[in-house]
Amino acid sequence: MGGKLLWAPDAARMARHPMTAFAAGAGERYGASLPDYDALHGWSVDRRDAFWEHVWDFCGVVGERGATALAPGATMRDDRFFPEARLNFAENLLAHAGQGSPDRDAIVFSGEEAVNRRLSWRELTHLVSCFQQAFRAEGVVAGDRIAAMMPNLPETVAAMLAAASIGAVWSSCSPDFGERGVLDRFGQIEPKLLICCDGYHYAGKRIEIADKLGPISASLAPRRTIVVPYLENAAAVAQTVTNGIAMDDFLAPFAPGAIEYERLAFAHPLYILFSSGTTGVPKCIVHSAGGTLLQHLKEHRLHCGFGPDARVFYFTTCGWMMWNWLVSALATGATLLLYDGSPFHPRPSVIFDYMARERATFLGTSAKFIDAARKQGLEPRVTHDLSALEMLGSTGSPLSPESFEYVYAAIKPDVHLASMSGGTDIVSCFVLGVPLRPVYVGEIQGPGLGMAVEVWDDNGRPLAAGKGDLVCTRAFPSMPIGFWNDPSGERYRSAYFEQFPGVWCHGDFAEWTEHGGIVIHGRSDATLNPQGVRIGTAEIYNIVEQMDEVVEAICIGQPWDDDVRVVLFVRLADGVDLTEDLAGRIKMAIRQGASPRHVPAKILPVADIPRTKSGKIVELAVREVVEGRPVRNKEALANPEALALFAGRVELQS
């Protein structure tokens with residue numbers, strides 16, 4: 001398969017791109033012939049030791065590299081990258097603070113234009129210094145967890161950098177999460193400190209969150225709950241939470257000074273990210289400082305071309321891995337353009353207004369945002385000066401062919417459109433934009449350097465054509481260290497290495513194209529993905545099944561209008577009908593207990609729910625029936641006759 005050509009880089013663009021310089025340097029250093037991307041990618045997979053060593057040196061990683069780039073293990077999981085290295089993640093992200101003018105922008109922030117701020121590199125390092133001193137005064141040491149329930153604010157970035165400078169482990173979510181959603185995540189990792197905001201702005205409204213911060217902080221019982229002023233009410237909110245203190249009071253005793261960086265092992269934990277919670281409480285995925293840094297430097301410098309002149313925007317919350325990806329751009333000397341709130345308030349063009357005003361060179365967003373802009377008839381090519389924009393990134397869900405066409409017709413004809421796919425599991429990408437290749441309609445350009453990506457059939461045979469599972473056959477630095485509270489590693493193994501023993505199976509349904517690109521046809525598991533945001537069914541069940549009227553529930557994602565809508569089926573208690581009032585209360589409970597994105601578009605009653613003989617409900621089987629496809633392995637079900645209750649539902653045809 002293959003779509004039509006939309007864009008190709010010209011010779012001058014390719015000549016000045018960092019990937020070209022990297023390939024030339026690698027060829028000279030290692031005696032390799034690397035005339036094009038196919039050759040470069042092949043070498044990067046075959047000679048992973050040389051490739052990652054060259055990434056370290058080319059990108060100027062600060063630290064002691066050691067003599068060994070890759071110590072092979074018995075299996076993919078046992079390979080170790082840079083086992084002798086010592087580095088600090090924050091030191092690398094702030095390395096450019098001392099280069100050039102300290103008063104140039106490090107971070108620009110816009111909160112629906114109600115709040116607008118700038119932090120220079122000098123101001124950012126001063127804030128990090130004060131946070132670091134305050135953290136140490138609270139007894140934070142390497143390995144302690146610091147959790148943040150925060151908007152995408154400059155203070156969030158600074159606090160993360162301060163945590164990383166000490167070697168503490170950072171974990172974050174957005175403030176729209178409900179109490180249960182936060183505790184299901186942070187309750188597992190026992191944070192020493194909790195950082196939260198006093199509220200946030202969304203769609204022009206001030207959203208107060210003090211009512212849920214009280215029980216959240218009481219349950220987590222941190223040594224300190226630090227309240228950051230966003231609604232200028234931090235002091236009052238701090239009085240209502242466990243061990244609360246306003247950020248200004250927390251930092252007041254400390255004057256900015258030199259930041260002290262703890263250089264630690266390459267595999268020292270940096271982040272805890274969370275799975276979507278499909279089969280229970282979210283899994284706590286632990287990522288390393290060295291692996292995250294090196295993988296992000298590769299993607300930012302080589303695939304995106306970031307450097308000190310870049311001004312990088314990604315529309316994300318602190319509960320999505322793209323926030324972690326975004327902030328790493330500081331390591332290239334780039335300026336971060338942060339935004340928090342609705343992407344269509346106070347007017348539909350607000351994001352493009354921001355991009356034009358700040359001369360963004362990279363605009364990152366979700367496929368759903370691009371589709372929404374298309375449906376609203378926005379034409380920034382005509383209405384905005386986007387002459388500085390060089391690259392547009394899209395992830396979260398597959399980008400439709402219509403949206404590919406829209407980008408070039410209505411946003412900018414000469415822009416590198418990079419559809420990307422990876423995930424929380426690797427805090428990076430398996431497949432993404434390739435600056436030396438053309439862009440074709442509907443296609444991701446290719447696998448990332450160093451990533452041994454293949455598409456396999458059900459029997460574990462590589463496919464040159466046709467649909468199958470996306471796998472990675474060799475280790476890469478940003479594989480998780482493991483899962484939190486998984487000492488045997490069994491949950492980690494079963495999550496990625498069970499379907500094809502010893503090989504990472506990512507759960508994406510994919511297909512190579514005739515151009516060497518790839519198309520992701522969706523997730524091959526039951527994760528829901530409305531508006532490009534991954535959410536888990538178990539988070540919905542945990543709320544809905546607490547209601548007396550609901551005995552049991554099952555949730556699927558139904559493809560609808562170039563997106564996925566959440567459909568919730570409920571088995572109700574005897575004598576209970578699904579009235580408009582009950583449906584409204586179910587939606588309100590989900591909105592308050594999880595987030596607005598979890599709220600189902602449709603709620604339908606059902607008399608029974610299919611389950612395996614061991615009692616597990618089967619979302620995938622229900623989804624297959626709803627979409628009119630045959631269900632495999634019905635013999636594994638205890639009540640296969642229940643599947644008929646989901647077939648041909650007229651309510652799902654509109």
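Cysteine 472 is buried in this predicted model, because its relative accessibility is 0% and the cut-off for buried is under 20%. Cysteine 130 counts as buried too, at 9% relative accessibility.

A search of the whole structure turns up 0 disulfides. For cysteine 472, which is in no disulfide, the nearest cysteine sulfur is that of cysteine 505, 11 Å away. For cysteine 130, also in no disulfide, the nearest cysteine sulfur belongs to cysteine 196 and is 19 Å away. A disulfide needs two cysteine sulfur atoms within 2.5 Å.

Helix 6 covers residues 121-137, and helix 7 covers residues 154-166. Their axes come within 8 Å and cross at roughly 55 degrees. That angle makes helix 6 oblique to helix 7, and the crossing in which helix 6 passes helix 7 is right-handed. On the side of helix 6, the contact is made by Leu124, Leu127, Val128, Phe131, Gln132, Phe135 and Arg136. On the side of helix 7, Glu155, Ala158, Ala159, Leu161, Ala162, Ala163, Ser165 and Ile166 take part.

Helix 7 can also be looked at by itself. Its 13 residues reach 19 Å from the first C-alpha to the last, which is close to the 18 Å expected at 1.5 Å a residue. Of these 13 residues, 13 are buried, so helix 7 is largely enclosed by the rest of the structure. Just after helix 7 comes glycine 167, which takes a positive phi of about 95 degrees.

Glycine 517 sits between strand 30 (504-512) and strand 31 (518-523). Although it is placed in a loop, glycine 517 is buried, because its relative accessible area is 1% and buried means under 20%.

Which residues is glycine 517 in contact with, leaving aside its neighbours within four places in sequence? They are Glu443, Ile444, Gln445, Gly446, Glu511 and Trp512. Of these contacts, Glu511 and Trp512 fall within the residue range of strand 30 (504-512). Valine 626 gives a further reference point: glycine 517 and valine 626 are 109 residues apart in sequence, and their C-alpha atoms are 31 Å apart in space.

Note on methods
Residues numbered from 1 in each chain as written. Predicted model: local features only at pLDDT ≥ 70, side-chain atom pairs only at ≥ 80, totals over all residues. Heavy atoms only, no water. Helix = DSSP H or I, 4+ residues; strand = E, 2+ residues; numbered from the N terminus. Expected span 1.5 Å × (residues − 1). Buried < 20%, exposed > 50% of the residue type's maximum accessible area, 1.4 Å probe, protein only. Axes fitted to C-alpha atoms, helices over the stretch in contact; angles between N-to-C directions. Parallel < 35°, antiparallel > 145°, perpendicular 65-115°, else oblique. Left-handed = near helix turned anticlockwise from the far one by under 90°. Contact = heavy atoms within 4.5 Å.
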